[in-house]
Amino acid sequence: MITTSDLTKHFGKAPAVSGLTWHVPEGSIYGLLGQNGAGKSTTLRMLLGMVQPTSGTAEIAGLDIRRDSVAIRRMAGYIPDQKSIHGQLRVAQFLRFYGGFFADWSWDRAVRQLDAWQIPLKSRMKKLSKGMNAKVLLAAVFAREPRLLLLDEPTEGLDPESTEEVLSLLAGWAADGDRSIVISSHRLEEIERICDHVAFLQSGRLAISGRLEELQSSCKAIDVQNDANGTIPLDAIRQWQDVHSTVPMGNTLRIVTQRTPETVIERLRGLGLREPVIHDLNLREIYLAFCPRLKETLS
Amino acid sequence: MTVKVACFIRPNSGEPIYQQLTRQLKHAISTGSLKPGDQLPTVRELAEQLVINPNTVARSYKELFAEGLVEGTQGSGTYVNKALPRIKTQEREARIEPFIDQLIAESSLLGISKQDLLKLIQERIRNHEETIHDNDIRSDETLR
Amino acid sequence: MIRKLWLELRLLFTILPIALILFTLEYTWAFQHANIMYYSDKDGYGLVMSPVANSAKEIESFLKEHPQGLILSLQNSPHSYFLGFDGIARTLLPFMVVALCAGGILSEKNNGTASYSLSLPVSRSSWIWSRAGALLFLSFLTALISCAVTYALAQWMGIAHGLSWLVTEPVLLTLGAAPWIGVSLYIQSLFSGRFDPASEAIIPVAVTALLVFLTDIFLPNSTVNGFGNPYLLLMDAAESVAHPTLWKPLLATGIVGITSLLLAVRRFERMDF
């Protein structure tokens, strides 16, 4: 669906996105993760033509982001990070404004969704809470048939119940046909539930990306213990392929793997140490291991 | 009419969601919560209900289909198979052995003796049978 | 998009013709209660009004400056009524047009609305051109309504005048004010994103209004290819029979207006949101 090649954006001297080469398969729900300022919003904006890339190329469904920007925006739906917009308009006015740009937009569908969420059509947008604003934007998008959704923190400002409603809506929407979603978020639990692919951005660079399942099966934490027979060869282990990082924890060494943990386990067994204990890592743990703050680099 | 499935997904436990779902669906089928002939929720319905990726649901269903536990085609719905799959004894044993090995390893690490382990297994089997029995009664009552 | 433009502009649009009409009424009253001194000589042409109370002194100094000048009153020269209105409307309309240009997508950068609008399937240039078009249309309507009220008042006061004035006058007034639409939008694009949303609605308007004011003072006549006062040139050209310079002021108006608009579009297309 989306293919970028060396996409870069500098704001003045500061690099916001550097050399992003990334692929979003059609039909996937892709989670784009990273700290504030990692380049997630900038990436989405470049894809939609709101920000001009400094260099590099990108295509969405075969359309070039520089040449065919209008066509891309016709087939994609977008929720911005700033949800409180068009404050002066009433909800109904906003819907008509938005819907007027799309041939496949349905007023009834939008109203039905807002009814279900109990959002009054007559209120001015600025009188609504941030969460309700987000819901209005979502209702507008779901009243049409975009092939791609680019969502910048879609559940930001939503209470847990609304978050659940929105995620459920997204999960159900993705079930029909060739629909793709890219969600930029901090909320790892949500990403872990509904995304099948994830990418971590750190300081504008892609730290890791791929199928969530593969990530979960290749990123494991393996604990090995020092015993009477000898100490763990820490330096040697750090050099091993497939070892991402090591964390000394008292008498135990925690090894975080990438790609094939089995090879690491075999080699550890070969060292004659006590049987290593393998832990599955959830997305938060993988993220913290692979995108540490600069001060707290682990290995 | 599709049957509502009571599944509990823990996204950040580290266990892949599709694995959790498959396991729980199998449990539901084996205990009779999902009876032969029952229609499973559509991929979309279950994804919305559990708030998980629809591909995950589809994959679970595919695995159940491959194991002969469910039948059906896209568009017509997914149904619990009326007959249990016919698997050769050898294959059945080959499939269950890894689980037994894991059980033995875990219990030895925990320091559970062989006798205690066997007692525990019998207890769980009793519990499983009681659940099936309860589900049978419940479905009889709803039919009445 | 038209609906949104209308929602944005309708408040100002209702105020401005009313303002212009009020000025017209005030002017009409003044005309009935003042001496009108009209001149048309090497200094160009113009109208000077003075209250009847000071007439003697005023008339004396006026005649010293413009020996060929005429002292009129409403009864003597019905055209002076309309000429006077021309003068006022011609000066005021550019300011009103500049005020009408306030806001819009170029001022919305810092409140997030612009970036959302730009995620819609519309090319960037369309946003500017359609806004310019709407502003031009509304400016014309403002001029038309004001002229219609003036004409109706004149009829009521018993001053006859050709109906063609109702056609030519709004057009000429609009053409005279039109370049300021382009200039306003260009100045908005220069300030885009530099201030908080409230200031951004106001500062470009203030700067452009200042430019209008300075142009009025330093380029009052047809010196700089008609840009200083295209209206006067147009009036000249319209009134004379075979005036070869008709195209000059139109061209000047067009060049300034369209160039500034193109520059605004170019800046807008290169902005990051």
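Two residues are taken to be in contact if their C-beta atoms, placed from the backbone, lie within 7 Å. The views below show a predicted model.

**View 1. Contact between chain C and chain A in the predicted model.** On this criterion, 17 residues of chain C are in contact with 19 residues of chain A. On the side of chain C that touches chain A, two or more residues come from each of helix H1 (2-32) and helix H4 (113-117) of chain C. This side of chain C comprises eight nonpolar, five polar and four charged residues.

**View 2. Contact between chain A and chain B.** Chain A contributes 22 residues to this contact, and chain B contributes 15 residues. Four helices of chain A, namely helix H6 (160-175), helix H7 (188-194), helix H8 (212-218) and helix H11 (283-290), each provide at least two residues of the side that touches chain B. The most is given by H6(A), with seven residues. By class, the side of chain A that touches chain B holds nine nonpolar, four polar and nine charged residues.

**View 3. Packing of helix H4 against helix H5 within chain A.** Helix H4 (residues 107-116) and helix H5 (residues 130-142) of chain A pack at an angle of about 145 degrees, and their axes are 8 Å apart. The crossing of H4(A) with H5(A) is right-handed. From H4(A), the residues A:Arg109, A:Ala110, A:Gln113 and A:Leu114 meet A:Val136, A:Ala139, A:Ala140 and A:Phe142 of H5(A). Six nonpolar residues, one polar residue and one charged residue make up this contact of H4(A) with H5(A).

Methods
Residues are numbered from 1 along each chain as its sequence is written. Chains are lettered from A and ligands numbered from 1 in the order in which they are written. This is a predicted model: local features need pLDDT of at least 70, side-chain atom pairs count only at pLDDT 80 or more; totals for chains, interfaces and linings use all residues. Ala, Val, Leu, Ile, Met, Phe, Trp, Tyr, Cys and Pro count as nonpolar, Asp, Glu, Lys and Arg as charged, and the others, Gly among them, as polar. Axes are lines fitted to C-alpha atoms, for helices over the stretch in contact, and angles run from 0 to 180 degrees between N-to-C directions. A crossing is left-handed if the near helix is turned anticlockwise from the far one by less than a right angle, and right-handed if clockwise.
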